[in-house]
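Thanks for coming. I will go through one structure this morning, starting with the whole chain and then moving to single residues.

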Amino acid sequence: MKTFLFAKFVAAAAACLLTFGTAQASGGAGLQAANVSLDNVASMQRGARLFFNYCSGCHSLQYLRYSRIAEDLHLDPKDVEKNLVFTGVKVGEHANSHMPPADGTKWFGKAPPDLSLEARSKGSDWIYTYLKSFYLDPTRPLGWNNTLFANASMPNPLWELQGLQVAVPKAAEGGHEAGIERLDLRTPGRQTPEQFDQTVRDITAFLQYAAEPAALQRESMGVWVLLYLALFTFIAYLLKHEFWKDVH
Ligand code: HEC
């Protein structure tokens, strides 16, 4: 029994360390904190809707089935099939994009990559900052550039919501332009900057979930392990009390 309890304790401690570890890993220079939480199902639900409306025309989530999204995010599979599946497939299929990679290369110079594992490879702060860092740049083929990902071939998919940003250059030193000081919102979009932050946070949360759907289940399991431990500590305390009553 003792070893069993000890094993449970080690598992719980390891789970805490892991959660802490992933939270720490996403920091980095020049990145804004996404502050996404896999506990916030409403945020991931909104993110799913935004992703399929604004991103899935170009990007796939090839490892994820629509039915899995419905189950994990507590959505009705019928609603998912009606509102999120734009490719005409059944809800049990994978979330592939309509766009053939060859067309992507032709139109954008580069095929839009699959985003299933994006949150794992780049981290959520990177995605969050990237989606907020588009600005108008007439020297680029599609008229867009990005301060985090210079010369990205992706046009800003959220410009109607965010509005149009322009780059304010740093004061030139010695005749050379010294990069970008900041981005200014030249034309407001349909959302206020605060609303837009939330929109981007929701999309990022959804991609964070998509990169590791099992994490949702693992986290809810962790809560039970901790509750179980708490209950056991309480019972042990009662027992100790009971035994020592006669000694005193
Ligand atoms: C019109 C097509 C198009 C749409 C719509 C679009 N993207 Fe992209 N996206 C691209 C292309 C093309 C690239 C490749 C950019 C490059 O490597 O130069 C890209 C790259 C990315 C990357 C960087 C991948 C990497 O690590 O190199 C992320 C993240 C991303 N897109 C997220 C999104 C999200 C989120 C949305 C929806 C809000 C979205 N994209 C909508 C075309 C699109």
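Among contacts in the protein with a separation of 6 or more, 66% are between residues 24 or more positions apart. Please keep in mind that what you see is a predicted model. The protein has 10 helices and 6 strands. Of its 248 residues, 31% count as buried.

H2 covers residues 41–54, and H9 covers residues 193–211. Their axes are 7 Å apart, and the two helices pack at an angle of about 95°. An angle from 65 to 115 degrees counts as roughly perpendicular, and H2 and H9 are therefore roughly perpendicular to each other.

Which residues of H2 and H9 meet? On the H2 side they are Ser43, Met44, Arg46, Gly47, Ala48, Leu50, Phe51 and Phe52. On the H9 side they are Gln198, Thr199, Arg201, Asp202, Ile203, Ala205, Phe206, Leu207 and Tyr209. By class, the contact of H2 with H9 has 10 nonpolar, 4 polar and 3 charged residues.

Two of the residues in that contact, Arg46 and Asp202, also meet through their side chains in a salt bridge, at 2.7 Å from N to O. This pair links distant parts of the chain, with Arg46 in H2 and Asp202 in H9, 156 residues apart. Arg46 is partly exposed, with a relative accessible area of 32%.

On to the other salt bridges. The count for the protein comes to 8. One of them joins Glu81 and Lys90, where the closest N and O atoms are 3.8 Å apart. Glu81 counts as partly exposed at 29% relative accessibility, while Lys90 counts as exposed at 57%. Another salt bridge is formed by the side chains of Asp184 and Arg182, at 3.0 Å from N to O. Asp184 is partly exposed, with a relative accessible area of 28%. Arg182 is also partly exposed, and its relative accessible area is 44%.

Next is helix H7, which runs over residues 124–132. How many of its residues are buried? The helix is mostly covered, and 9 of its 9 residues are buried. Among them are Asp125 and Lys132, as well as Trp126, Ile127 and Leu131.

The side chain of Asn146 reaches the backbone oxygen of Tyr130 at 2.9 Å. Leaving aside neighbours within four places in sequence, Asn146 is in contact with Tyr130, Ser133, Phe134 and Tyr135. Why does Asn146 count as buried? Its relative accessible area is 1%, and buried means under 20%.

With neighbours within four places in sequence left aside, Gly143 is in contact with Tyr135, Leu136 and Asp137. Tyr135 is therefore a contact of both Gly143 and Asn146, by the cut-off of heavy atoms within 4.5 Å. From Gly143 to Asn156 the distance is 9.5 Å, C-alpha to C-alpha, and the two are 13 residues apart in sequence.

Last, some backbone angles. Most residues other than glycine have a negative phi. Which residues have a positive phi although they are not glycine? Asn35 is one of them, with a phi of about 50°. Asn35 lies in the loop between helix H1, residues 2–25, and H2. At 61% relative accessibility, Asn35 counts as exposed. Asn151 is another, with a positive phi of about 60°. Asn151 is found in the loop between S4 and helix H8, residues 159–162. Asn151 is partly exposed, with a relative accessible area of 45%.

To recap the asparagines: Asn146 is buried, Asn151 is partly exposed, and Asn35 is exposed. That is where I will stop.

Methods. Residues are numbered from 1 along each chain as its sequence is written. This is a predicted model: local features need pLDDT of at least 70, side-chain atom pairs count only at pLDDT 80 or more; totals for chains, interfaces and linings use all residues. Side-chain values use heavy atoms; hydrogens and water are left out. Buried means under 20% relative accessible area, exposed over 50%, partly exposed in between (1.4 Å probe, protein chains only). A polar contact is a pair of N or O atoms within 3.5 Å; within protein, one must be able to donate a hydrogen and the other to accept it, and residues adjacent in sequence count only if both atoms are side-chain atoms. A salt bridge is a side-chain nitrogen of Lys or Arg within 4 Å of a carboxyl oxygen of Asp or Glu. Helices (H or I, at least four residues) and strands (E, at least two) are DSSP runs, numbered from the N terminus. Axes are lines fitted to C-alpha atoms, for helices over the stretch in contact, and angles run from 0 to 180 degrees between N-to-C directions. Angles under 35 degrees count as roughly parallel, over 145 as roughly antiparallel, 65 to 115 as roughly perpendicular and the rest as oblique. Ala, Val, Leu, Ile, Met, Phe, Trp, Tyr, Cys and Pro count as nonpolar, Asp, Glu, Lys and Arg as charged, and the others, Gly among them, as polar.
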